[in-house]
Amino acid sequence: QVIKCKAAVLWEANKPFSIEEVEVAPPKEHEVRIKIMATGICRSDDHVITGALVKPFPIILGHEAAGVVESVGQGVTSVKPGDKVVPLFVPQCGECKSCLNTKGNMCCKTDLGTSNGLMPDGTTRFTCKGKAIYHFLGTSTFTEYTVVHETAVAKIDSAAPLEKVCLIGCGFSTGYGAALQTAKVEPGSTCAVFGLGGVGLSAVMGCKAAGAARIIAVDINKDKFAKAKELGATDCINPKDLNKPIHEVLMEMTGGGVDYSFEVIGRTDTMAAALACCHCNYGVSVIVGVPPAAQKITFDPMLLFTGRSWKGSVFGGWKSKDAVPKLVADYMNKKFVLDPLITHTLPWTKINEGFDLLRTGK
């Protein structure tokens, strides 16, 4: 049965979302149709609007959500109608090289590196005004109903509050895992986190959970500092207040550089600064923010020659289908908090206002 529902369609770049009636096709074999109950706004969605992340239009964005299974296609065994679930923008097929390797989590089925905006079978499940609408990262959550592949959905605790655990679909897991899984932050270490949005704050929480002794939070918006301290930051620095480059200041503050640094913004200048501020011999710097399209980075290779490591982290390094239910269970067992990451709760018809709040740093 085709479902007619409301969705926020982006017809072209640098335009507001348009709330439209869309037709959502039934799930095909190994697909799941989900009623979206809560969705978060992430900077990666905004990158598509600005063109920093290149995707085809028209498109339904959104990739951080939680919902309830409405129906399943033939052959689906891991979820059934009525299950509470989180869609996964990094799927876990269990068969590709990354899925089979204990060190990897970037399943080959992800639509992150490609930009075809289609389901694995090369077609779309959304139609609006007679036009095919593209999917985003295999999830497309800015709609009342969406269709995902079975490899891209995780069943979670039926008691979980969906308006909170939707953050485990991207922002929280991405930052928290960058510290715990990708960097493997050690007790007593010193960390620097560049960017204190939801993902950056989650990285601060991950550093604290790992036992870091010092967590230096860096942002040009001082309004973010109180919350960063509440979640574990020991120092907060605004680069605008400094008369020398941020990496030099961090080097001086830490007597030679931090053990771990995290770039959680998606800018090439801050990626270079985060690399430069970690210890010249054993420092590890992790790129967490989505790099802007068509921009290249130039750096002195001596920074790496002396022993630093430069890493990237997608979805916090977690194997999504395995990790998301466990992270939800950890939340239910109060191992971490999510409330401080939620600044506003809006009816989803106000999605454009939500993006304005994101862009103004609120």
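Contact here means heavy atoms within 4.5 Å. This is a predicted model: local features need pLDDT of at least 70, side-chain atom pairs count only at pLDDT 80 or more, and totals for chains, interfaces and linings use all residues. Numbering starts from 1 along each chain as its sequence is written, and side-chain values use heavy atoms, without hydrogens and water.

**Exercise 1.** Work out the strand order of the six-stranded open sheet and explain its edges.

Step 1. Strands are DSSP runs (E, at least two residues), helices likewise (H or I, at least four), numbered from the N terminus. Two strands pair if DSSP finds at least two bridges between them.
Step 2. The order reads β12-β11-β10-β13-β14-β15, with parallel pairing.
Step 3. β12 (235-237) and β15 (309-312) each have a single partner strand, so one side of each lacks a neighbour in the sheet.

**Exercise 2.** Find the pairing of β10 with β11 and the helices that pack there.

Step 1. Residues 190-194 (β10) and 214-218 (β11) pair in parallel over five bridges. Ala 192 has Ile 216 in β11 as its bridge partner.
Step 2. Helix α7 (246-254) touches β10, β11 and β12, at about 160° to β11. Angles run from 0 to 180 degrees between N-to-C directions, with axes fitted to C-alpha atoms, for helices over the stretch in contact.
Step 3. Helix α5 (198-209) lies across β10, β11 and β13 (260-263), at about 170° to β10.

**Exercise 3.** Locate the largest nonpolar core.

Step 1. Such a core joins buried (under 20% relative accessible area, 1.4 Å probe, protein chains only) Ala, Val, Leu, Ile, Met, Phe, Trp, Tyr and Cys residues through side-chain atoms within 4.5 Å.
Step 2. Among its 82 residues, Ile 168, Val 185 and Phe 262 touch the most other members. Helix α5 gives the largest share, six residues.
Step 3. Domain 1 (3-171 + 317-360) and domain 2 (183-312) both contribute, so the core lies between them. The bounds come from an automatic or database domain assignment.

Technical notes:
Buried means under 20% relative accessible area, exposed over 50%, partly exposed in between (1.4 Å probe, protein chains only).
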